[in-house]
Amino acid sequence: MACGHINHTNRIERGVCYNGTISDRSVRNIHIDRAVATRMGLLGRLFGSPAGESRVALLVDGPNVFRDEFDVDLDELRELADERGRLVTARLYLDEHATPGLIQAGEARGFEVVTTSGDVDVRLAVDAAAIAAREGADTLAIASRDTDFKPALERAAREGLRTVAIAPGEYGRSDALRNAANEAITLGDES
C-alpha cells in the first residue's frame with residue numbers, strides 16, 4: 001500500500017493511500033517525521049540553517065519609524081537585515097494615512113507593504129508571533145520605537161529565534177525593546 005507521509009512543512013508528499021485513508025503505520029511515520037522535523041527546526045535555529053546562513057524576517061512599524069524627526073532609509077533597513085542573514089520576509093506596516101509615495105517606495109525596495117485601517121501594532125505583533133511559531137525564520141528584526149513589541153520579541157526568543165530591535169534614532173529608542181532583544185541597533189548611531 002503506497003501511502004504518503006508529511007514532510008517537515010506538514011504537507012503530504014505523495015498523497016494518501018489509494019482508498020483515501022492513511023494507514024496506522026503511516027500515521028506512526030507521520031508522528032515520527034514531525035518529531036524529527038521539530039528537533040531539526042530547533043537545531044537549525046540554534047546553529048543556523050544547513051548552509052550556515054540565518055533566515056531573517058524584518059518587520060517595520062511605519063507610523064513609528066517614518067516620522068519627521070527621524071531620517072530612516074528603507075535601503076539601510078534592508079542592508080542591516082541582510083548583514084544578519086538571508087532576508088526571507090521584509091514587511092512594511094502602514095496605516096490608512098500613508099502617502100502613495102511611501103507605499104510605492106516600500107514596494108520598489110522589495111518590501112511587502114501591509115496597510116491596515118486598524119491598529120498597525122496589532123497586525124505587526126500577530127505576524128511576529130506567526131513567524132516565531134511557524135519556523136520560517138531564525139532571526140526576527142523589528143524596526144520600531146514602540147514598547148508594545150517587547151512581548152513579541154520575548155515570544156520569538158522563547159521559540160528559539162535570535163531577536164533584533166532597530167530604533168529609528170537616539171531619541172526614538174525604546175529601552176524596553178533594547179533590553180528584550182538579543183541585539184539592539186540605533187540608526188544613525190556611529191558607535
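Reply: Gladly! The protein chain holds 7 helices and 6 strands, where helices (H or I, at least four residues) and strands (E, at least two) are DSSP runs numbered from the N terminus. This is a predicted model, so local features need pLDDT of at least 70 and side-chain atom pairs count only at pLDDT 80 or more, while totals for chains, interfaces and linings use all residues. Residues are numbered from 1 along each chain as its sequence is written, and side-chain values use heavy atoms, with hydrogens and water left out.

Me: What makes Thr163 count as buried?

Reply: Buried means under 20% relative accessible area, exposed over 50%, and partly exposed in between (1.4 Å probe, protein chains only). Thr163 has a relative accessible area of 0%, so it is buried. This residue is found in strand E5.

Me: Which residues does Thr163 contact, leaving aside its neighbours within four places in sequence?

Reply: Contact means heavy atoms within 4.5 Å. By that test Thr163 touches Leu140, Leu153, Ala156, Ala157, Ala180, Ala181, Asn182 and Glu183.

Me: How do you know that E4 and E5 pair?

Reply: Two strands pair if DSSP finds at least two bridges between them. Strand E4 (residues 139-143) and E5 have 5 bridges, in the parallel sense. Within this pairing, Ala143 stands opposite Ile166 in E5.

Me: And what joins E5 to strand E6?

Reply: There are 4 bridges between E5 and E6 (residues 183-186), and the two strands run parallel. Here Val164 stands opposite Glu183 in E6.

Me: What makes the β-α-β unit of E4, helix H6 and E5 right-handed?

Reply: A crossover is right-handed if, with the strands pointing away from the viewer, the path from the first strand over the helix to the second runs clockwise. The unit made by E4, H6 (residues 150-158) and E5 is right-handed.

Me: Why is Arg78 said to lie over the face of Phe111?

Reply: A charge sits over a ring if NZ of Lys or CZ of Arg is within 6 Å of the ring centre and within 35 degrees of the ring normal. Arg78 lies over the face of Phe111, at 5.8 Å from the ring centre.

Me: How much of the protein chain is buried?

Reply: Buried residues make up 41% of the 191 residues.
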